[in-house]
Amino acid sequence: MDLFDIAIKLEQEGAQLYKELAKKAPTEGFATIFKMLADDEKKHESYFRALQGKSALVTVNSTVLEQARQVFKAFDPENFTVTDGQIPAYEEALAVEKKSIDFYSEQLSSLEFEAEKKALSQIISEEKRHYAILEEMLKLVTRPHRWVEDAEFGVREEY
């Protein structure tokens with residue numbers, strides 16, 4: 001398998017995972033974010049197919065970060081309940097994004113053409129934004145369960 005075959009497979013796996021997470025999302029906002037992440041992964045797949053066929057330049061543009069910010073601003077921890085399996089599922093999604101970022105970063109130097117390198121760099125940046133969104137979602141979900149109100153545990157970051 002070449003770089004593009006593996007990348008296409010990674011993107012397909014990511015899109016499938018996000019579709020499943022969207023179905024199980026505890027809020028409409030989270031479902032929207034997961035649907036947008038799935039759409040982005042499908043776009044990345046099409047970008048890799050284009051790069052594989054050397055048929056088109058790739059420009060990556062996504063609005064998922066802006067949409068996620070709106071969801072995070074409206075998030076109400078008082079009316080939010082964590083469902084079974086939600087935290088491990090989000091951690092799995094983080095692992096999938098990390099795997100993609102690491103693989104693409106390793107492969108960057110093996111590309112011959114500058115256009116391919118630029119396109120892959122853009123996709124890496126996009127995947128890093130996905131990772132940041134997932135990290136924030138995980139914080140929103142886990143903090144109420146991990147917060148310990150006790151002075152002996154020292155200074156904690158603000159939330």
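Modeller: Of the chain's 159 residues, 40% count as buried. The accessible surface is about 9400 Å². Carbon and sulfur atoms hold 51% of that area. The model is predicted, so to the fold with that in mind. The chain has five helices and zero strands. From the N terminus, the order reads α-α-α-α-α. Take the contacts between residues at least 6 apart in sequence: 75% of them join residues at least 24 apart.

Helix 1 covers residues 3-24, 22 residues in total. Its first and last C-alpha lie 32 Å apart, close to the 32 Å expected at 1.5 Å a residue. Several of its residues are buried, among them L3, F4, A7 and I8. Further along helix 1, L10, E11, G14 and A15 are buried too.

Now the pair. Two packed helices are described by the angle and the distance between their axes. Here the partners are helix 2, residues 28-52, and helix 3, residues 64-74. Their axes come within 10 Å and cross at roughly 170°. An angle over 145 degrees counts as roughly antiparallel, and helix 2 and helix 3 are therefore roughly antiparallel to each other.

Which residues meet? Helix 2 brings G29, F30, T32, I33, M36, L37 and D40. Helix 3 answers with V64, Q67, A68, V71 and F72. By class, this contact has eight nonpolar, three polar and one charged residues.

Methods:
Residues numbered from 1 in each chain as written. Predicted model: local features only at pLDDT ≥ 70, side-chain atom pairs only at ≥ 80, totals over all residues. Heavy atoms only, no water. Helix = DSSP H or I, 4+ residues; strand = E, 2+ residues; numbered from the N terminus. Buried < 20%, exposed > 50% of the residue type's maximum accessible area, 1.4 Å probe, protein only. Contact = heavy atoms within 4.5 Å. Areas by Shrake-Rupley, 256 points an atom, 1.4 Å probe, with all protein chains shown as cover. Axes fitted to C-alpha atoms, helices over the stretch in contact; angles between N-to-C directions. Parallel < 35°, antiparallel > 145°, perpendicular 65-115°, else oblique. Nonpolar A, V, L, I, M, F, W, Y, C, P; charged D, E, K, R; others polar. Expected span 1.5 Å × (residues − 1).
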